[in-house]
Amino acid sequence: MALAMIIGIPLGIWLALRHFPGRRLLTALIYTGMGLPPVVVGLFVFLMLSRSGPFGDLGWLFTMNAMIVAQTIIATPLIIGVTMSSVQSVDPSLRMQLRALGASRWQASWAQLYEARFGVLVGLVIGFGSIISEVGAVMLVGGNIEGRTRVLTTAIVLETRKGSFDFALALGIILLLIAFVMNMAVVAIQARTGSDSQ
Amino acid sequence: MTSLLYELEQVKQVYGSRTVLSIPALQISRGEIFALIGPSGAGKSTLLRLLALLEAPSSGSLRLHLDDRIVTCEDATLEDRRRVAMVFQRPVLLSRSVRQNIAYGLRLRGKRDSREQVEAMLERVSMLPLADARPHTLSGGEVQRVSLARAMILEPDILLLDEPTANLDRYNVSTIEALIRDQHARQGTTIILITHNIFQARRLATRMALLLDGELVEVGPTETLCERPQDPRTAAFVSGDLVY
């Protein structure tokens, strides 16, 4: 998630503020990426990291690293896309007005990001949601190995297949609780930054 | 004694295939209140953005005389740009308190301990009771006063005002005009103001220029342009016959 955030937010801002040839194509690709089927991402990463693949020498297949790669590919376009549209939704005249008050390009960009903060936070929530609810890709590239690459979602799949519905349900509730706590934290941040301006 | 501040020669601004501004020559002196008058779409705002160094002219030269240096949009440093502040016709405030909006420019300049200065400015623009209000709760006149305050607090050498009283009631017009006069009297700030209101230009400016369809029609002392215009279009505009 951190990796997707580090890549996604600056790229989203850059795409929102810069005009260059091919920008529309890149935007269309990002939007396509927002709807990537996770299992297809899993297959792609699997092929890249398998022994015969171009990155097979890394030995990452069925490790946490492979799962991180897959989840970063899934979440990054979501964060880029939402950040981009949030920054674009800030009044376009604001940037020029801040520049007219002596803001450098960086200071103006930072202020624009601050104005778009609620949208960016929503992007992070969506990215986080896509990661914690993901099964197909992590199952493919992680292998669901106990103690190494098993995560809550893949454990739920396994327990359901075994017929341990109570345990699977309990894991599901834990997953939901984690998501709820994380989202409550985001809502608290939104409220705090919102009240800053009061 | 006045000294040259802006010097424009053969300045043209072209957007796509459309020439929106064409000025053969224009000079503005340090310390004057200069009005740009003309109807909507005359190129006044474009000229103001050029003067603010926010845009470079498509052709010609625009030189800003600062101390012993001459700067252009291309070679102006951030410090040079910070000697000019501009207030827009439709101000956009940050989604922070009025106080934080007014302090914004100072913070950009690394002046974080500016509480007293901000309080004084809030008082000056009669916004002290609304210091902690958020922008969306303010009226148009209040937003415009905050916008003026956040520029004036920077004590710029040059203050550019794009229709600062457009769509405001008489009380707010009079308040803002008083603030403009006060700023000029206190710090000798050069003020360049856009207005389509000839009466406002007469009340505030010592010199003015008429722009029509991107063309500079006439420049001169306000009284001369109003009483003895050389160009028939100026005569038509000041008499109210030229209606767009």
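Student: Leaving aside its neighbours within four places in sequence, with which residues is B:Ile102 in contact?

Tutor: The model is a predicted one. B:Ile102 belongs to the largest nonpolar core, a set of 76 residues, where B:Ile102 and B:Met208 touch the most other members. With neighbours within four places in sequence set aside, the residues in contact with B:Ile102 are B:Val118, B:Met121, B:Leu122, B:Val146, B:Ala149, B:Arg150 and B:Ile153.

Student: How many residues make up the other core, which lies apart from the largest one?

Tutor: The largest nonpolar core holds 76 residues. The other core lies apart from it and includes B:Leu8, B:Ile28, B:Ala42 and B:Cys73. Its number of residues is 35.

Student: Against which elements of chain B do the buried residues of α9(B) pack?

Tutor: Helix α9 of chain B spans residues 232-239, and its buried residues are B:Thr234, B:Ala236, B:Phe237 and B:Val238. These buried residues pack against both strands and helices of chain B. The elements are β3 (33-37), α7 (198-204), β9 (207-212), β10 (215-221) and α8 (222-227).

Student: Which residue has a side-chain oxygen that reaches the backbone nitrogen of B:Arg233?

Tutor: The place to look is the start of α9(B). There, a side-chain oxygen comes to within 2.7 Å of the backbone nitrogen of B:Arg233. Beyond the other end, just after α9(B), B:Gly240 takes a positive phi of about 90°. The residue that supplies the oxygen at the start is B:Asp231.

Student: Is A:Thr153 buried or exposed?

Tutor: A:Thr153 is found in helix α9 of chain A, residues 152-162. Apart from neighbours within four places in sequence, A:Thr153 is in contact with A:Ile132, A:Ser133, A:Glu134, A:Val135, A:Val138 and A:Leu175. The cut-off for a buried residue is under 20% relative accessible area. Because its relative accessibility is 6%, A:Thr153 counts as buried.

Student: What area is buried between chain A and chain B?

Tutor: The size of an interface is often given as the accessible area lost when the parts come together. Here the contact takes 21 residues from chain A and 26 residues from chain B. Carbon and sulfur atoms give 56% of the buried area, which is about 2,100 Å².

Student: Which side chains meet in a salt bridge between the two chains?

Tutor: Between chain A and chain B there are 11 residue pairs in polar contact, counting pairs with both residues at pLDDT 80 or more. The salt bridge count between these chains is one. Its N to O distance is 3.2 Å, and the side chains that meet are those of B:Arg90 and A:Asp91.

Student: Which element gives the most to the side of chain A that touches chain B?

Tutor: The elements that give two or more residues to this side are α5 (92-99), α6 (105-115) and α10 (165-196) of chain A. By class, this side has eight nonpolar, eight polar and five charged residues. With six residues, the element that gives the most is α5(A).

Technical notes: Residues are numbered from 1 along each chain as its sequence is written. Chains are lettered from A and ligands numbered from 1 in the order in which they are written. This is a predicted model: local features need pLDDT of at least 70, side-chain atom pairs count only at pLDDT 80 or more; totals for chains, interfaces and linings use all residues. Side-chain values use heavy atoms; hydrogens and water are left out. Buried means under 20% relative accessible area, exposed over 50%, partly exposed in between (1.4 Å probe, protein chains only). Helices (H or I, at least four residues) and strands (E, at least two) are DSSP runs, numbered from the N terminus. Contact means heavy atoms within 4.5 Å. A polar contact is a pair of N or O atoms within 3.5 Å; within protein, one must be able to donate a hydrogen and the other to accept it, and residues adjacent in sequence count only if both atoms are side-chain atoms. Buried area is the accessible area (1.4 Å probe) that two parts lose on being put together, summed over both. A salt bridge is a side-chain nitrogen of Lys or Arg within 4 Å of a carboxyl oxygen of Asp or Glu. Ala, Val, Leu, Ile, Met, Phe, Trp, Tyr, Cys and Pro count as nonpolar, Asp, Glu, Lys and Arg as charged, and the others, Gly among them, as polar. A nonpolar core is a set of buried Ala, Val, Leu, Ile, Met, Phe, Trp, Tyr and Cys residues joined through side-chain atoms within 4.5 Å.
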